[in-house]
Amino acid sequence: MSLSLAPDIQAGRLEAADYAQRFADATPRLTRAQAVLEAERCLYCYDAPCATACPTHIDVPSFIKRIGESNLRGAARAILEANPLGGMCARVCPTENLCEAVCVRNTQEGKPVAIGRLQRHAVDALMESAQPQIFTRAAPTGKKIAVVGAGPAGLSCAHTLAKLGHSVVVFDAKPKPGGLNEYGLASYKTTNNFAQAEVLWLLSIGGIELRHSWRLSGVAQLDALRRDFDALFLGMGLPNTHQLGVPGESLYGVQDAVDFIATLRQTEDLATLSIGRQVVVIGGGMTAVDAAVQAKLLGAQDVHMVYRRGPEAMGASKAEQEWALTNGVVIHHWLSPEAVLPNSVDAHCAGAVSFARQKMQDGKLVATGETLVLEADMVLKAIGQTLGNPLLAQANFELLGGRIATDANGLTNLPGVWAGGDCRAGGLDLTVEAVEHGKLSAQAIHAALSA
């Protein structure tokens, strides 16, 4: 095929007013009347499957019943006691695969109770109230715990420990706390700076000190933390990204999707962000969807999302895939990248991506011999992240698949060191699971220090 068009990556593809309209809240909060009507659909099941399906085991029937009684403060307490980041999880959880998937209303009416939107309704009401803090710290224990990483796992751990009376110092490499919530999610999911508002609420319990721009990069640092604190929790996420490993990957216009999303989340003016005319996103997870949809919203003419397996194997939920299609993203399956091709006008820039078509044969992916070339002046790689920290092996951590092996409560093989979130082996890589890891590890640390 001919690749004759010059690279076209530019900012300001839209009128100023269009950016605000396109990046507005994708799922606006329920009104009070809507929330009450939705709450009345709940059957308050005994042994509710929705509560079991929630990784943080929120008492869903209890908080929904309180919404029906207009007791939003009580509803929020029920949520936040189980999940201190319940506001963000209400926005980004794949509820269609968790609590709402097992709602008995699916059988009766073909439509679950909107648990996620009700959860957001209650927590937002509390956050906006005159007295948003509903918890009180226990008496000081005199113990000091270090937490590495101010993402969902680290913040959940810090808040739970602070509530139990411990002093906590949170170390983070970024200038702002929040981790994935601040830097890694589509902006239309977390409007009005909610990630920082939630952090402020978490910190308002007291006893938590934040230290920014601090990265764990040496065994000496780790040893110092273990020596100077009574316990250590590692929740540093997955800082490195996988590479395609194909020719042309270093061409101008090729970048990691997580960097693209982080830049978008931190910009003050979306009109200053450059976006390609033809964008190809490689990957099948939620990061790929977030990058693809936001590329389209920024004014890209064509956005193709390409995954190497079929739709049932994609990491993005069915709802996320439908959201991408609704926003004009074209999704391709069974295609594996084999090269990023240079632009024919400027060979320093990406011009297209060549894919090899694949199929399953005897349980393995094999090439069919067919190829497909998609024009692209911008290529976003969303093929997963990795811990990739040499410190872990040097410090003698037991690793599993490159991540830290732990027991059920997050205790590592190093005494006094717990780990949770994406850096811990064996997880689902979900925000809500990271929150649960942090909470359980905090409770285990408290038990160990109280023994």
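Reader: Why is Arg211 called partly exposed?

Author: The relative accessibility of Arg211 is 36%. Partly exposed is the class between buried, under 20% relative accessible area, and exposed, over 50% (1.4 Å probe, protein chains only). Arg211 therefore counts as partly exposed. The model is a predicted one, in which local features need pLDDT of at least 70 and side-chain atom pairs count only at pLDDT 80 or more, while totals for chains, interfaces and linings use all residues. Residues are numbered from 1 along each chain as its sequence is written, and side-chain values use heavy atoms, with hydrogens and water left out.

Reader: What makes the contact of Arg211 and Glu209 a salt bridge?

Author: The term requires a side-chain nitrogen of Lys or Arg within 4 Å of a carboxyl oxygen of Asp or Glu. For Arg211 and Glu209 the N to O value is 2.8 Å, so the pair meets the rule. Elsewhere, salt bridges that share partners join Asp25, Arg91, Arg120 and Asp124 into one network. By this rule the count comes to 21 salt bridges.

Reader: How do you know that Glu81 and Arg77 form a salt bridge, and where do they lie?

Author: Their closest N and O atoms are 3.4 Å apart, so the pair falls within the limit for a salt bridge. Both residues lie in helix α5 (residues 72-82), four residues apart, about one turn of the helix. A helix here is a DSSP run of H or I with at least four residues, and a strand is a run of E with at least two, each kind numbered from the N terminus. Glu81, with 43% relative accessible area, is partly exposed, and so is Arg77 at 32%.

Reader: Are Glu182 and Lys176 buried or exposed, or in between?

Author: Glu182 has a relative accessible area of 2% and is therefore buried. Lys176 has 31% and is partly exposed. The side chains of Glu182 and Lys176 meet in a salt bridge at 3.6 Å, N to O.

Reader: What makes α9 largely enclosed by the rest of the structure?

Author: The reason is that 11 of the 12 residues of α9 are buried. Among them are Pro152, Leu155, Cys157 and Leu161. Helix α9 (residues 152-163) reaches 16 Å from its first C-alpha to its last, close to the 16 Å expected; the expected span is 1.5 Å times one less than the number of residues. Just after α9, Gly165 takes a positive phi of about 100°.

Reader: Why is His159 called buried?

Author: Its relative accessible area is 1%, so His159 is buried. His159 belongs to helix α9. Leaving aside neighbours within four places in sequence, His159 is in contact (heavy atoms within 4.5 Å) with Pro84, Phe135, Trp201, Leu202, Ile205 and Ile208.

Reader: What makes β7 and β11 edge strands?

Author: The open sheet of five strands has the order β7-β15-β9-β10-β11, with parallel pairing. Within this sheet, β7 (254-256) and β11 (330-332) each pair on one side only. Neighbouring strands of the sheet are turned by 20° against each other on average, direction ignored.

Reader: Why is Asn396 called exposed, and what class does Asn193 fall into?

Author: Asn396 has a relative accessible area of 55%, and is therefore exposed. Asn193, at 46%, counts as partly exposed. Asn396 sits in the loop between α16 (390-394) and β17 (399-400), with a phi near 70°, a positive value in a residue other than glycine. Asn193 lies in the loop between α10 (180-183) and α11 (194-203), and its phi, near 55°, is likewise positive.

How values were computed:
Pairing = 2+ DSSP bridges. Axes fitted to C-alpha atoms, helices over the stretch in contact; angles between N-to-C directions.
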